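Hi,

Here is the model I promised to pass on.

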Amino acid sequence: MTNIPLWLIPLFPLLGTIILGAIAVATSPNKKGAPEGVVGAIAVLLPAMSFMCVAALATGMPDAGFRTTLCNWIDIPLLKVDIGFLFDGLSRIMLLFVTGIGTLITLYSIGYMHGDRGFTRFFAYINLFLFSMIVLVLSDNLMLTFLGWEGVGLCSYLLIGFWNKDLNNCKAANKAFIVNRVGDIGFLLGMLCVVTIGGSGALNYDLLNQFIQMVIAGGHVELVLPMLSLAAILFFVGCTGKSAQIPLLTWLPDAMAGPTPVSALIHAATMVTSGVYLVARMSNLFVLCPDVLNIILVVGALTAFWAAFAGLFQNDIKKVLAYSTISQLGYMFMAAGVSAFDASIFHVFTHAFFKASLFLGAGAVIHALAGEQDMRRMGGMIKKTPVTACVMIFAFLAIVGFPGFAGFWSKDLILERIFTNCNWVFTGTYLADGAVPMNKIFYITGLFTAVITAVYMGRLIIMTFFGEYRGSKESEEHIHEAPAVMLIPMVVLTFGSIFAGYLWAESMGITFFADSLAPVLGVAQAFDPAVAFSPDMVLEEFIPRVTTHVNPMVFAALGTLAALFGMFVAWKGWGKAHIQAAAKGESSAPDGYAAKWTFMWDYVHLFFVKVVKITAWLCEVVVDTVLQAFQWMLGAVATIIGDGATVFQVRKVRLQLVFSILGVALLVLVVLLTGGMV
Amino acid sequence: MLALIYFIILAVIALGAAACVLLSRHPLYGALSLVTSMIALAGIYGLIGSPFLGVVQIMVYAGAIMMLVTFVIMVLNGARDSKTPMFDRVSFFILPAVILLAGMVGFALVRSPLAFDTTALRGSVALTSKTLFDVAQTGPGYFILFEILGLLLLSAMVAAVLMAKKRLGSIETENTEDKH
Amino acid sequence: MELQPIFIQLLALAIFAIGLLVAISRRNLFFVLMGIELALNAVNLSFVGFAKTLPDAMSVAGQVVPLFTIAIAAAEACVGFAMVILIFRNRESIDADTYSDMRG
């Protein structure tokens, strides 16, 4: 059915927010809150209806996609923006898994948040988040995307600090929001740059693409290139904030203070991928700035490597998964950096399934252990919670890239594209005589990170599910499998993490996923400066596209070897060894060198905070004092003049009037003398 | 010629009465002198061509306003401070100031050319009412002002009543209210 | 010699000056108010004096505006005398100098 209006898709979660918000406020004086069955039903039903709308629109969508413009939003001489929706291949994919996984996680939360006093409030926030995310993905212009961008940031804050009686949760929520905000400055300034070059119409994606094609065809790219590059780098700063890349990634591990479904939905599957979505959506702009793409590639590679290493030092199960998310996002940005935008979206897609499975499984484990999150107090859970263990093991195989599972197809695709597409040749280095081929270096980095991924994920699985149980005796009796309402979404997502990869299995000849994205991303990915620009235009930044051809089987083999090697190292390191159980009150945080590595970027943030504090001190003490002195001077002058004027005041009223008359006489004299009156 | 004679007579009366206001000791004498001056001025209005205005002056100014003044003087026993000297040091200040001001304005007036226009309209009742109440093509003109003036008079009346009201429970009330 | 418009203006000026003198140099409050009335009358006379010197359309103003001035003078006299009554209640005196409390 192609006549479903597009605005229905964000409408359902918005209705859910309003209804559930009204219920939450109305039942706030009660001790127990609204009945959970009703609230849960409403909360799951509305995203499910959104999903059905998306599914109905997705089947039989033409290549060009659907577009609607709802109404005009801003109409001032400087800026004209409409509220419009764009449903093409890219937003179709994103919407399918946002609404689908959103529905499943909402269903899971009914079981996880059972008995919590803030049950209704939680689902109101979740629906608000889904509304913001849908608006972000479905919008057809940058301004509306920014609305969704801010909305998901807000919901992230609300949901991380959901259990707001604990100060640490509130601090974590603040950190997430503020670090995101720093990135949002980049987004805003990027929009400003785009409007400066292309006018306010350039905020619309279609018009932006047309504008870029015009710039390329016009033959004077070098005129707008500095501004475009600036816009691109600013947008990427926004993406580092939202998708937790270096340097704005410190909020994501702290965000694990929120409930586990929140971590699964927001910080694994949907919100953190909005940065990757933005890069893919603006792919035409990014390919025109090869320097920025190189920066994205470097940042992605560094982040992936650093986060994987940090994941190795964590003891808290959710923190391991948080660093794993940062690392996988680094992979996605690496793919974007070599102009393989469809590969990065594919990894977003598969990552959503297996990371959500991992988080939901971790949530089930925490639920079974009544809140225990430190892996040093877990162990041997496979006997007590077999379904959860199966879910997590399948997801583990997916994330390390075991052949046949989802991660194998997507991660190896990324590594392959890095090797074949990266045409960055680093010249002028004093190490070697000639040029350094960067594609090999990035490939090796990616492969090594994959090994470490397998190591820390293997460590997680072994410490949680195998070996002896290291907790207390009484908690061991209470370990139970999660209820069905939690298990069903986990199992569905496991199916996803097993089979989702087959949508794009190039060695088997299936390129369904790539074909569906080709109308949107194809132009950007096929961009070749040698073809696009006329021969007389030589710009140093644009290197002709060169694709190295290697048999894909080589990459598949290397990826599998990396995964197996990592699993072997994990088994050797933690399989047979006796893991020390943690003492009763010991904190899960790493210490010593591990702490230095983990909190590296926090130290960088502290430096910037210090700089801001010094500036504030300067403003307060120096600037403020100067201003106050100036004010005092003005006041003193006025007081002196006033005191002088009081000399002319006399006590008798009549005498005062006489002076008035004298004054009038003086005025008349002046007018006469200057010839005012003829 | 005749107009000039009439004018001189009326002007002398007006100026003389004004001087009497200046020099009289009892306020009632001053009020009477003021009435005389106003009537003389009303005559001058009639002479110049605004008879309506002259009659209004007598009715409102000499009639109503001066009656009010006389009433208040009688109520408040205005002759109470008759022993105080009439002119003091301040008066010696004011005299040269006013003379200076009047001199300068007079000088400026005399140097400007003024002449009677033969087409000037005569201020009869018909003309005045037409000007006030005929809403002309170019706008309401004086009509709104007229209405606002009515409002002003009403508000002045209310303000005066409020201000001069006897406070309940004051000594004055006790002294003058009838005992029941 | 004919009646000239300047005579009327000079008469108005004289009456105005006398009115000012009365208002300021007399200490009795009633004389102050009467002086103000005198000055207002002088202004009216000036208006009417100018009315005859203007062509027909504009000369109407010279008759209408003094009408308004008379009405306003009536309102002002009303309120002024109410204030005199109030002041009298306060100090039991109608000498203007007893109210010289203005501080420099």
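In chain A, of the contacts between residues at least 6 apart in sequence, 80% join residues at least 24 apart (a contact means C-beta atoms, placed from the backbone, within 7 Å). Bear in mind that this is a predicted model, where local features need pLDDT of at least 70, side-chain atom pairs count only at pLDDT 80 or more, and totals for chains, interfaces and linings use all residues. Residues are numbered from 1 along each chain as its sequence is written, with chains lettered from A and ligands numbered from 1 in the order in which they are written.

Chain A has 27 helices and 6 strands (DSSP runs, H or I of at least four residues for helices and E of at least two for strands, numbered from the N terminus). Of its 678 residues, 48% are buried, i.e. 20 or more other C-beta atoms lie within 10 Å of the residue's own, again placed from the backbone.

One helix to look at is α2(A), where A:Val39, A:Phe51 and A:Leu57 are among the buried residues. Their cover includes α1 (8-26), β1 (66-76) and α3 (89-112) of chain A. Just after α2(A), A:Gly60 has a positive phi of about 80 degrees.

Now for chains B and C. Their contact takes 75 residues from chain B and 65 from chain C. On the chain C side, α4(C) gives the most, with 21 residues. As for α2(C), 20 of its 23 residues are buried, so it is largely enclosed by the rest of the structure.

Cheers

Notes: Contact = placed C-beta atoms within 7 Å. Buried ≥ 20, exposed ≤ 12 C-beta atoms within 10 Å, placed from the backbone.
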